[in-house]
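Biologist: Hello! Could you walk me through this model, one question at a time?

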Amino acid sequence: MGVMRMSVAYGPSNAEESVQTLHHAYEQGIRFFDTAELYGNGHNEQLLGKAVQAYRDQIIIGTKFGFDMTAEPPGSRMNSRPDNIRRVVDNSLRYLQTDYIDVLYQHIFDPEVPIEEVAGIVGELIQEGKVKYFDLSNVGATTVRLAHAITPVSVLQMEYSIFEREIEDRILPTLRELGIGLVAYSPLGRGFLTGAVNPAHEYAADDFRRIDERWQGDNYTYNLHATEQLRQLADSKHITVAQLALAWLLNQGEDIVPIPGTRNSQRLDENIRAAKVTLTEADLQRIQDILPHGSAGSHYPASMISNFSHD
């Protein structure tokens, strides 16, 4: 379960509802929760840490470092220097009310710090018992190899969905060669596949969908049409488009773990039921025919795209 939207990016949230949803997730069998320092400058970690205290040792928590939170706006610069990694980890441990982090990601590649140095520092944190597993996010195949040679990488977190399939060309084959898992964020097309979408200008100024190209002009029209075609397939199977999208991801391999996020317990239950959906080869081909290249509109920031380019 992705926890981010309980603090940032999708408009106002309610802390009490969020905590109730986190408890419900645990009750329904969810055991992996994903957060980051960036999500509300520690707010998201604090929310999660407070909610899961009673069963902390029965779940896996993933969090991330890699941004300069002193920049304006917060997170607009990268910082994976060793002293900052240690500072972030200590803060995360305090916010999460725990003495270890299960899954620690570098949130985004920092061109000022060699990835080998980053991997070395996290390796030290693993030896110290503060971290269990070293992980990466939003990097390409070459960076994964370089890091993995210093400290074994457990998983890579990347956007992957029916709408976003860039990683299939080089990154996913590299992960499988090295025995590294994939945590798929935004498995519902950053919300486009939930069925609740509007044009960009109808979202609040602090909602990322207002500036994401997926919601702009002709891109929005194309994606809306594609989603409607997916809806027809979903209707024929008596499921939602969101369940179809999650079932598609689960069909891509047992090494792929989607982390859909929601604040709502009913939406959470809907997501969980996707695990019981069976897709035939004909269904998978139909999805491929509808979206042969993913959605229209680039959504990666220029800095992130440059991180992939050297890979």
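Modeller: Gladly, and let us begin with Asp-135, which lies in strand E6 (residues 131–137); helices (H or I, at least four residues) and strands (E, at least two) are DSSP runs, numbered from the N terminus. This is a predicted model, where local features need pLDDT of at least 70, side-chain atom pairs count only at pLDDT 80 or more, and totals for chains, interfaces and linings use all residues. Residues are numbered from 1 along each chain as its sequence is written, and side-chain values use heavy atoms, leaving out hydrogens and water.

Biologist: Which side chain of opposite charge is nearest to Asp-135, and how far away is it?

Modeller: Asp-135 is buried, where buried means under 20% relative accessible area, exposed over 50% and partly exposed in between (1.4 Å probe, protein chains only). For charge, Lys and Arg count as positive and Asp and Glu as negative, while His and the chain ends are not counted. A salt bridge needs a side-chain nitrogen of Lys or Arg within 4 Å of a carboxyl oxygen of Asp or Glu. Asp-135 has none, and its nearest side chain of opposite charge is Lys-64, 10 Å away.

Biologist: Is His-107 buried or exposed?

Modeller: His-107 sits in the loop between strand E5 (101–106) and helix H4 (115–127). Not counting residues up to four places away in sequence, His-107 touches residues including Lys-64, Phe-65 and Ser-137, a contact being heavy atoms within 4.5 Å. Its relative accessibility is 8%, so His-107 counts as buried.

Biologist: Which residues touch the most other members of the largest nonpolar core?

Modeller: A nonpolar core is a set of buried Ala, Val, Leu, Ile, Met, Phe, Trp, Tyr and Cys residues joined through side-chain atoms within 4.5 Å. The largest one has 62 residues, and helix H8 (residues 241–250) gives the largest share of this core, 8 residues. The members that touch the most others are Leu-136, Tyr-160 and Leu-230.

Biologist: Why do the buried residues of H10 lie on the same side of that helix?

Modeller: In helix H10 (residues 281–290), the buried residues are Asp-283, Leu-284, Ile-287 and Ile-290. The arc is taken from the directions from the helix axis to the C-beta atoms. They lie on the same side of H10 because they cover an arc of only 120° around the axis.

Biologist: Which exposed residues does the face of H10 turned away from its buried side carry?

Modeller: The buried residues of H10 have a cover that includes H7 and H8. The face turned away from that buried side carries the exposed residues Glu-281 and Ala-282.
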